[in-house]
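Reader: I would like to learn how to read features in a protein model. Could we go through a few?

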Amino acid sequence: MAKWVTREHPKTDRIACPWLIRNFIDPDAEFLYVPAEQVLEAAKREGAHSYDAPGAEYTHQDGLCSFEVLVEEYAIVDPAVKLLARIVHGADVADDRDATPHSRGLFAVAEGFYLLELGDHRQLELSLPVYDALYAWCKQELEEGRGAA
């Protein structure tokens, strides 16, 4: 089981990445949320992977959000994940909010969870099924010939 650490008070990418990690990289992964300025220190101390934070092992690069970087780094070729990555990108990157017709909806849901102030791990627990549902929808869209990845 690997540990993964990111900034506290998660929003889109910091919830989507744990979904991706648990479903396609490490089903037993443990997630730590810490203040932004402590991410790299906590990663070193815990022997954890860092993500979606300045200087993190996996973070925004070359126009990609952290979710997309993980998809590339771990060579995840599932077309439904690729479609989901486009949706997450638009929800996470303000300048690309219209990347897909669904990105604004995911942004609204993610922002709503954030505004509920549930605590980081409770928010993660309640939000993961949103990504399960989106992934199922992406698979159906592709099976029915809609939504090329």
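Reader: Which residues make the nonpolar surface patch of about 240 Å²?

Author: First, this is a predicted model, where local features need pLDDT of at least 70 and side-chain atom pairs count only at pLDDT 80 or more, while totals for chains, interfaces and linings use all residues. Residues are numbered from 1 along each chain as its sequence is written, and side-chain values use heavy atoms, with hydrogens and water left out.

Author: A patch joins nonpolar side chains (Val, Leu, Ile, Met, Phe, Trp, Tyr) within 5 Å, from residues with over 30% relative accessible area and no salt bridge. Here Leu116, Leu118 and Leu126 make the patch. Leu118 lies in the loop between helix H5 (103–115) and helix H6 (120–143).

Reader: Which residues of helix H2 are buried?

Author: Buried means under 20% relative accessible area, exposed over 50%, and partly exposed in between (1.4 Å probe, protein chains only). In H2 (residues 39–46), Val39, Ala42 and Ala43 are buried. They cover an arc of only 100° around the axis, so they sit on the same side of H2. Glu41, Lys44 and Arg45, on the other side, are exposed.

Reader: What do the buried residues of H2 pack against?

Author: Contact means heavy atoms within 4.5 Å. The buried residues of H2 pack against strands S1 (3–7), S2 (30–34) and S3 (49–50).

Reader: What follows H2?

Author: Gly47 does, and its phi is positive, near 65°.

Key:
Patches are made of residues with over 30% relative accessible area and no salt bridge: like charges are joined within 9 Å, nonpolar side chains (Val, Leu, Ile, Met, Phe, Trp, Tyr) within 5 Å. Accessible areas come from the Shrake-Rupley method with a 1.4 Å probe; for residues, only the protein chains shown count as cover. A salt bridge is a side-chain nitrogen of Lys or Arg within 4 Å of a carboxyl oxygen of Asp or Glu. Helices (H or I, at least four residues) and strands (E, at least two) are DSSP runs, numbered from the N terminus. The arc is that of the directions from the helix axis to the C-beta atoms.
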